[in-house]
Amino acid sequence: MSRFFKRFFDVLVAAVALLVLTPLLLPVMLALRLTGEGEVFYRQKRIGLHNGDFNILKFATMLKNSPNMGTGSLTVRGDPRVTPLGHGLRATKINELPQLINVLVGDMSFVGPRPQMQVDFDVYPEPVRECIYEVRPGVTGIGSIVFRDEERLLSREGIDPRQFYSDKIAPYKGALEMWYLDHHSLWLDARLMVLTVHAVLRPESDLIYRRFPDLPARPAWMD
């Protein structure tokens with residue numbers, strides 16, 4: 001029954017949000033068409049429900065050939081592949097708004113494990129890969145909140161971003177998503193949506209750990 005209400009909520013809120021946000025979305029679309037490479041939307045294959053795949057939709061903030069350049073699927077701070085307009089869209093998370101369409105058609109939910117590219121999904125520990133997408137992936141979620149500043153972690157001097165992601169970030173992110181699967185409920189989803197707004201406004205805050213003290217322990221390398 002909770003899955004029915006969650007899906008009902010997703011469809012209702014996504015439809016209303018698309019209507020309400022149209023005055024914002026249209027100028028962004030026009031600005032993207034007139035700048036950078038002229039691309040408005042970015043479609044990328046991601047892993048979704050029951051490990052199937054779907055095309056996630058975002059506003060284009062990077063060069064079209066970005067997956068084959070630099071750090072590939074990982075974005076670091078000051079990444080030269082990000083367009084000038086893209087920096088602002090990414091900082092405010094406006095680039096994520098087209099995912100409302102993914103929510104509306106059933107590819108995603110508002111809250112759930114973040115959908116990964118195959119290359120990043122493959123570095124999750126096997127127990128995580130087997131069950132992480134028993135629920136629809138989310139626009140936001142516990143992993144998205146905790147790793148809201150993942151670019152900073154991947155931009156540290158003296159590290160290989162891909163190796164650091166595989167050895168450090170993926171195992172901990174997987175543990176967070178497994179925590180969500182063990183605890184997920186409509187009430188938890190509502191709290192995570194509120195904390196997502198807080199994380200955008202106060203990215204340095206550790207409120208998520210104070211609200212959920214039973215989360216997997218925060219690794220020292222995140223400080």
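These questions and answers concern a predicted model.

Biologist: Where does helix H9 kink?
Modeller: Helix H9 covers residues 161–183 and reaches 31 Å from its first C-alpha to its last, close to the 33 Å expected. A proline, Pro 171, belongs to the picture. Shortly before Pro 171 there is a kink of about 40°, and it lies at Ile 169.

Biologist: Which residue's backbone nitrogen does Asp 160 reach at the start of H9?
Modeller: The contact uses a side-chain oxygen of Asp 160. That oxygen comes to within 2.9 Å of the backbone nitrogen of Arg 162.

Biologist: Which helix gives the largest share of the nonpolar patch?
Modeller: The patch is about 830 Å² and includes Phe 4, Phe 8, Val 20 and Leu 186. Val 20 has 58% relative accessibility, so Val 20 counts as exposed, the cut-off being over 50%. Seven residues of the patch come from helix H1.

Biologist: How many residues apart in sequence are the parts tied together by Lys 58 and Glu 96?
Modeller: Lys 58 and Glu 96 form a salt bridge, with the closest N and O atoms 3.8 Å apart. Both Lys 58 and Glu 96 are buried. Lys 58 lies in strand E2 and Glu 96 in the loop between H3 and helix H4, so the pair ties together parts that are apart in sequence by 38 residues.

Notes
Residues numbered from 1 in each chain as written. Predicted model: local features only at pLDDT ≥ 70, side-chain atom pairs only at ≥ 80, totals over all residues. Heavy atoms only, no water. Helix = DSSP H or I, 4+ residues; strand = E, 2+ residues; numbered from the N terminus. Expected span 1.5 Å × (residues − 1). Bend = angle between axes of the 7 residues up to and from the residue. Polar contact = N/O pair within 3.5 Å; in protein donor to acceptor, adjacent residues only side chain to side chain. Patch = residues over 30% accessible without salt bridge, like charges linked within 9 Å, V, L, I, M, F, W, Y side chains within 5 Å. Areas by Shrake-Rupley, 256 points an atom, 1.4 Å probe, with all protein chains shown as cover. Salt bridge = Lys/Arg side-chain N within 4 Å of Asp/Glu carboxyl O. Buried < 20%, exposed > 50% of the residue type's maximum accessible area, 1.4 Å probe, protein only.
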